[in-house]
Amino acid sequence: MQISTTIVLAVRVTVALLTRTFFQPDEYFQSLEVAHHLVFGYGNLTWEWLTAQPIRSIIYPALNVPVYWALGLGGLDATKLLIWAPKVLHGILAAGTDVYVDELAPLPVTHIVLPRTLAVTFALQLLGNHPNHRRTQPLSLGYNHSTQEAIRPTNAVIWVYMSGLLLWRLRRQPRHLASLLLNVAVVGLLVTLAVFLLDSAYYGSPTCTPLNFLRTNLSSVSLFYGISQWHYYFSQAIPILCTSALPFVLHGAWLAMWSPNPALKVLLGLIGWTIGVYSLAGHKEWRFIHPLLPLMHILAAKSLVDVTPRSSGRPAAVSIRKSHRALLLTTLPLAVYVVLFHSRSQIEVVHYLGDLPSEELHSVGFLMPCHSTPWQAYLHRPDLASPGRLWALGCEPPITGQNLTSYRDQTDIFYESPANYLRTRFPGSVDPAFPASPMPSTPPGATLPDHGDWKHEWPEYLVMFGALLHDGEQQSVHRQYYTRLELYRRATAVSASLPSILPGAMSSSGPQPSLPVELWLHIFRLSTLSPLTTRLYVVSYSPFQTIPLEAEDESVTKKTKSALVQVCKQWRAWALDLLFEDVWIECPEKMSSLLGDGSGCGRWVRRASLPYMSSATVSPRPLEANKMLEQCPHLEVLVRKGPTRRDVDTRFEFAAECPAMPSLKRVDWWHVNEAARSGGINLLGDVLQKAPNVQYLSLGGYVRFSSLSVNGTAITLSSLTTLRFLRLNAALVRQTCGWSMPALQHIIIDTVEDVAVLSMFWESFGEQIRTIELGHYLSYFVHDWLSFILRGCPHITELNYYIHFTAIPTFDDEKDTFPLLTTVGLHAQPNMMISPESSGYWGRMQSHFAMMCCPCFPAVKKVLLYGDWSGISSDIRYPFLVQPLLDRRITIERVET
């Protein structure tokens with residue numbers, strides 16, 4: 001029976017247009033998205049396209065380039081044609097395969113897969129559309145062989161078998177053999193050269209993608225995507241492909257094995273050879289053998305024809321039995337479900353976002369397994385094209401040879417603890433402007449840091465699978481003021497809102513049923529976090545954010561948290577992670593059972609304060625404090641305060657160990673000489689070696705007859721950007737001068753008895769310092785130490801100090817110059833030693849403001865006022881104070897703290 005080309009074309013295009021579901025990421029990110037990026041200049045390119053040795057050829061995505069180019073030229077790219085046109089194109093290509101396979105009725109699996117934009121389906125189309133005219137066979141063989149290898153290099157397995165068989169059959173016909181080899185070599189060389197030139201032109205450098213593909217997939221990279229048993233293709237892939245036609249395929253294979261027709265035996269051998277070779281690879285997917293589906297359909301057709309009685313009057317006519325036809329059609333309902341409903345949510349949520357007006361969509365984040373939805377090929381939103389506006393979790397493979405067993409990508413780290421990821425890599429509140437995220441994922445093709453360096457801003461819309469909103473992680477999202485907006489079966493989009501706190505919402509009986517959960521969580525967060533306690537978690541520099549190592553209201557905060565978890569079971573579930581985010585390790589033996597041993601509370605700890613009495617080494621036994629720290633995998637801040645009265649008689653007689661703390665980003669350390677002798681967790685150098693990602697270090701204490709590191713070992717802090725000196729002496733400064741701190745830029749000096757001790761430090765690090773902040777210490781009020789400090793940092797760009805605690809500096813206009821200093825921050829914290837009514841009060845301030853107009857500071861452009869300036873700015877003398885700065889076009893801004 002000859003298939004009507006019109007009917008096949010209509011069926012295939014209709015199926016393509018009706019497809020509303022997500023099947024596999026490659027149908028978007030290895031075809032449509034690449035073409036969209038090439039034509040419109042924006043989109044998402046995966047690591048295969050951005051790595052130093054790209055493994056994908058532009059040939060297959062280029063099929064969609066004329067479609068996108070025509071739509072853009074006609075101004076139709078903002079319409080639904082952007083999605084429909086590629087569907088029509090691939091529906092036409094799929095119809096061509098059906099026509100060439102000829103007498104086979106399209107089976108449900110091919111309806112699902114063949115019209116989709118997958119490279120493997122195009123390889124199938126090339127295989128199925130192979131012409132049979134004898135004169136074109138050699139040329140067609142070379143064309144098909146080379147093109148398929150360029151698009152899908154693993155298809156070489158098919159052509160190795162076919163080419164080898166053909167060469168064997170022509171071994172006694174040297175003239176035909178030579179002609180074949182010449183034709184195939186010429187065509188293959190031309191196609192290979194064309195592929196090389198096209199790919200080189202696309203990538204901008206000489207690129208052989210088939211070679212790169214084979215080299216990469218023969219490494220451990222392919223195993224990153226999963227390992228299957230050797231029998232996977234036989235036990236799972238073939239049944240998935242053939243579905244209800246499987247009995248006829250198996251019967252047809254049996255008939256072909258004993259058939260006198262050599263063509264059937266060749267076909268069967270090709271199927272067996274290909275599946276056998278593919279089975280040797282560790283990573284297997286059923287779509288890899290999709291190009292064999294037309295061949296298996298031929299075997300099924302053989303079975304259907306042979307078991308059907310033939311009419312004696314019309315021997316050429318074949319009528320399939322009704323029972324066999326019914327069996328084949330049983331997969332149609334499944335096909336309809338897969339095409340129209342299964343995984344439809346990933347498509348609908350993109351349609352929803354794409355239809356939002358630009359003023360309602362500033363940023364979108366996808367907290368899902370990577371590539372779970374289409375991207376700009378469906379969204380087509382140039383307003384989201386800038387970095388950080390549209391982002392998703394990354395899943396970069398170990399392309400630089402990392403250990404596969406221990407390697408974790410961003411998606412792995414997120415799903416290991418979604419709540420902790422949201423808490424540690426997102427800000428504590430939602431910025432209503434919804435700015436772009438600075439580092440939402442690792443750039444494709446780049447080397448992934450050991451623990452990631454991702455940093456997000458809360459987007460206006462978050463997209464996630466609904467399961468995340470039903471397993472407790474919703475608390476983290478709701479706590480950041482998000483409410484659910486749309487639910488698409490399994491995918492959920494949540495948008496940001498800023499609810500107000502309702503008065504009278506609490507009663508003695510617990511939470512009112514009518515009050516939304518997100519409001520309760522918002523109330524809990526506000527009641528347990530103040531501006532002071534927030535500063536205890538800071539890991540990057542912000543002006544005037546320093547407070548003592550324990551906030552004044554920290555004890556009140558802890559009591560509040562403790563009270564919340566004792567109200568009722570529901571409140572306990574909501575606030576338990578808040579209770580454990582900041583722990584005081586006073587009795588390690590008692591707390592160990594809370595943080596570990598199956599309770600898992602250690603995963604919530606972000607900040608730990610360890611008094612020296614809890615790390616005393618009165619025996620050689622391992623410290624319980626170290627065991628506790630090991631149970632806190634997401635610890636970010638470690639505090640070692642100075643000794644209290646209870647620490648006076650603490651003994652440090654044996655050596656201590658220190659656990660690895662890769663997640664640690666901040667250390668607040670007071671050096672105790674007696675404790676340092678035991679090393680380990682009691683010695684700063686040992687702690688810093690076990691915490692290579694520290695970014696913020698507060699350091700104080702008096703070094704007497706001990707060292708900050710074992711035997712003076714050099715300390716390397718490659719990530720440290722901020723160093724705060726709490727209190728220091730010459731010995732402490734001398735030892736820090738031997739450290740390696742290449743990223744250090746910000747210095748905070750709380751107190752110093754003799755500023756001269758910093759001379760050594762400036763010699764080592766003065767050239768790289770960009771920010772200096774002085775504390776409110778009376779010694780700064782008595783002595784002019786500001787000028788001395790500035791002379792040690794010639795490249796400083798920002799200076800912050802307390803104006804009422806700092807002596808008026810004196811500079812030599814001819815020798816002193818700071819050409820890079822652009823910003824000066826002044827804090828107005830009052831000094832009890834100088835009254836606003838005193839005669840010298842306004843004179844001191846006028847001298848400080850006049851300093852910024854002197855020739856030493858030619859680049860000052862901005863003065864930032866921190867603290868309470870209301871009394872000063874309301875005085876009639878204030879305009880005269882700031883007018884010289886305004887005359888020099890220096891802006892003066894008030895900063896809320």
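Author: First, a term. Two strands pair if DSSP finds at least two bridges between them. Helices (H or I, at least four residues) and strands (E, at least two) are DSSP runs, numbered from the N terminus.

Reader: What kind of model is this, and how are residues numbered?

Author: This is a predicted model: local features need pLDDT of at least 70, side-chain atom pairs count only at pLDDT 80 or more, and totals for chains, interfaces and linings use all residues. Residues are numbered from 1 along each chain as its sequence is written, and side-chain values use heavy atoms, with hydrogens and water left out.

Reader: Start with β1. In which sense does β1 pair with β3?

Author: Parallel, over four bridges, with β3 spanning residues 461–465. V364 has Y461 as its bridge partner in β3.

Reader: And how many bridges join β1 to β2?

Author: Three, and those strands also run parallel. There, G365 has W391 of β2 as its bridge partner.

Reader: Moving on. What about the faces of β10?

Author: Both are covered: V637 and V639 on one side, L638 and R640 on the other, are all buried. β10 pairs with β9 in the parallel sense over three bridges.

Reader: Which strand do four bridges join to β10?

Author: β11, residues 666–671, running parallel to β10. V639 stands opposite D668 there.

Reader: New topic. Where is L708?

Author: In the loop between β12 and β13. L708 is buried, at a relative accessible area of 1%.

Reader: What does L708 touch?

Author: Its contacts (heavy atoms within 4.5 Å) include H671, L683, V703 and W739, not counting residues up to four places away in sequence. G685 is another. The C-alpha atoms of L708 and G685 are separated by 5.4 Å, though they lie 23 residues apart along the chain.

Reader: Last one. Which residues of α36 are buried?

Author: Y841, W842, R844, M845, H848, F849 and M851. Their cover includes β16, β17, β18 and α38.

Notes:
Buried < 20%, exposed > 50% of the residue type's maximum accessible area, 1.4 Å probe, protein only.
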